[in-house]
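Okay, thanks for coming, everyone.

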Amino acid sequence: MEAWMEQLQESVDTLDRLKTMINVTAEEEYAIAALKTRWGSTPYFVSLMDRDDPGCPIRKQVIPSLKEKENVHGIPNYLIWKENRDTEEIRPDSIARQYNDRIAFTVTDMCANYCRHCFRKELVVDRDLKLRMDVEEGLRWIREHEEIRDVLITGGDPFILSDDKIDYLIRKLREIPHIEMIRFGTRTPIVLPQRITTGLQRVLEGFHRVPIWVNTQCNHPKEITEETARAVYDLLRCGVNVGNQAVLLKGINDDVQTFKALHQKLLSIRIRPYYVFYCEPAPGIDHFRTPVEKGAELIRDAIRGHTTGLAQPMYVIATNIGKIPLMPDYYIVDKDEKEYTLRNYQGKLTRMPNIQE
Ligand SMILES: *Cc1c(COP(=O)(O)O)cnc(C)c1O
Ligand code: SF4
């Protein structure tokens, strides 16, 4: 059996298994027993946890917490609202649409790691929302909608599917003349780097009319290892670009030092930061949420001007009407007919002529 399948088969998803790998606290033990939820991760990702510290950023993303029950701000039926599933346009369950030219195509509800902060928690983690993930129905819809040029394959985690299934999806999408690009959203380079096998590389590699892009999710520098670096390099060798979509998580990556280290370390293993998401108001994840301004402040204080420009992600909030940028708004201090006054990351001022239209 391939190493990645073994990782999934030996998934750490019971208290007994977890206890063989870390020193579980009474509070963690109680939460695991009390919550009706799917949880767990690969032995590989669990091995990156601190054995003794319950504040470990990887532990907090993986082990259920009683705080998940303290839902004050979470929007009920969040995913239905967020993914515009409650609109006039009839679409298969597998298709989420917020834009004219691109869609998110949900092909599985399985993941290698069940992130506690997942915005798809209702579908993927708590599983009180059931959707039909019929690939054929989704492909048919895409074929019939000629305005769709970009398909974002998501889940769950689509790289949990077999090589054959991934190959089938790519081939079928490439047969559609209006499809210009295919994207995969997968956390496997971080939580299951063993997944980037030579078999999968064969499926992904090559020069094609329709390129493949991968976006992964890495939230803390501790998640980046030699194995991940190798997996990313192998993807790049196949002609697949690798970006990152981090989630801003309270107590995990919302301080200047961690935020900067995360983005620098991503670049050091050739992952280009793409988005940092504000943690969405899905039910049961209030405890991960910061004030909205936090991400913009971190970009101002940790990234822009402080490190390589390539390390800079776009800070956005994903909403039911699409992603909305929440970048720092300190740049333009003043403006008159003649000139703009601009401020840099250190608070220094400069002027630029105002060219009127
Ligand atoms: C995030 C998302 C996309 C892709 O957005 P980009 O800004 O192009 O990365 C497309 N459709 C849906 C429904 C999404 O949630
Ligand atoms: S990998 Fe993505 S879809 Fe799966 S639990 Fe984590 S955030 Fe949710």
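Let's start at ligand 2. The residues around it, meaning those with a heavy atom within 4 Å, are Cys-111, Asn-113, Tyr-114, Cys-115, Cys-118, Val-124, Gly-156, Arg-187 and Gln-217. By class, that shell has 5 nonpolar, 3 polar and 1 charged residue. For the classes, Ala, Val, Leu, Ile, Met, Phe, Trp, Tyr, Cys and Pro count as nonpolar, Asp, Glu, Lys and Arg as charged, and the others, Gly among them, as polar.

Quick housekeeping before I go on. This is a predicted model, where local features need pLDDT of at least 70 and side-chain atom pairs count only at pLDDT 80 or more, while totals for chains, interfaces and linings use all residues. Residues are numbered from 1 along each chain as its sequence is written, chains are lettered from A and ligands numbered from 1 in the order in which they are written, and side-chain values use heavy atoms, with hydrogens and water left out.

So where does ligand 2 sit? In the largest pocket, and "sits" here means more than half of its atoms lie within 2 Å of the pocket's grid points. A pocket is an open set of points on a 1 Å grid over the protein atoms alone, where a 1.4 Å probe fits, with protein on both sides within 12 Å along at least five of seven lines; lining residues have an atom within 4 Å of a point. The volume of this one is about 1000 Å³, counted as the space filled by probe spheres set on the points, which are joined across faces, edges and corners. It is lined by 44 residues, and the closest to its centre are Phe-119, Arg-120, Thr-154, Gln-245 and Phe-277.

Which strand gives the most to that lining? It's β3, with 4 residues. Strands are DSSP runs of E, at least two residues, and helices are runs of H or I, at least four, numbered from the N terminus. The lining as a whole divides into 21 nonpolar, 12 polar and 11 charged residues.

Now the second largest pocket, with about 370 Å³ of space. It has 18 lining residues, with Glu-27, Pro-54, Lys-60, Ser-65 and Lys-67 closest to the centre. Here α3 (26-34) and α5 (57-62) each give two or more residues, and α3 has the largest share, 3 residues.

A cis peptide bond joins Gly-155 to Gly-156, with omega about 15 degrees, and Gly-156 is in the loop between β3 and α9 (163-174).

Arg-127 is in the loop between α7 (121-124) and α8 (135-144); Arg-270 is in the loop between α13 (256-268) and β7. Are they buried, exposed or something in between? Arg-127 is partly exposed because its relative accessible area is 34%, and Arg-270 is too, at 47%. The cut-offs are under 20% for buried, over 50% for exposed, and partly exposed in between, with a 1.4 Å probe and protein chains only.

Last stop, aromatics. Tyr-274, Tyr-275 and Phe-277 make one aromatic cluster.

Conventions
Phe/Tyr/Trp six-rings, centres within 6.5 Å; stacked < 30°, edge-to-face > 60°.
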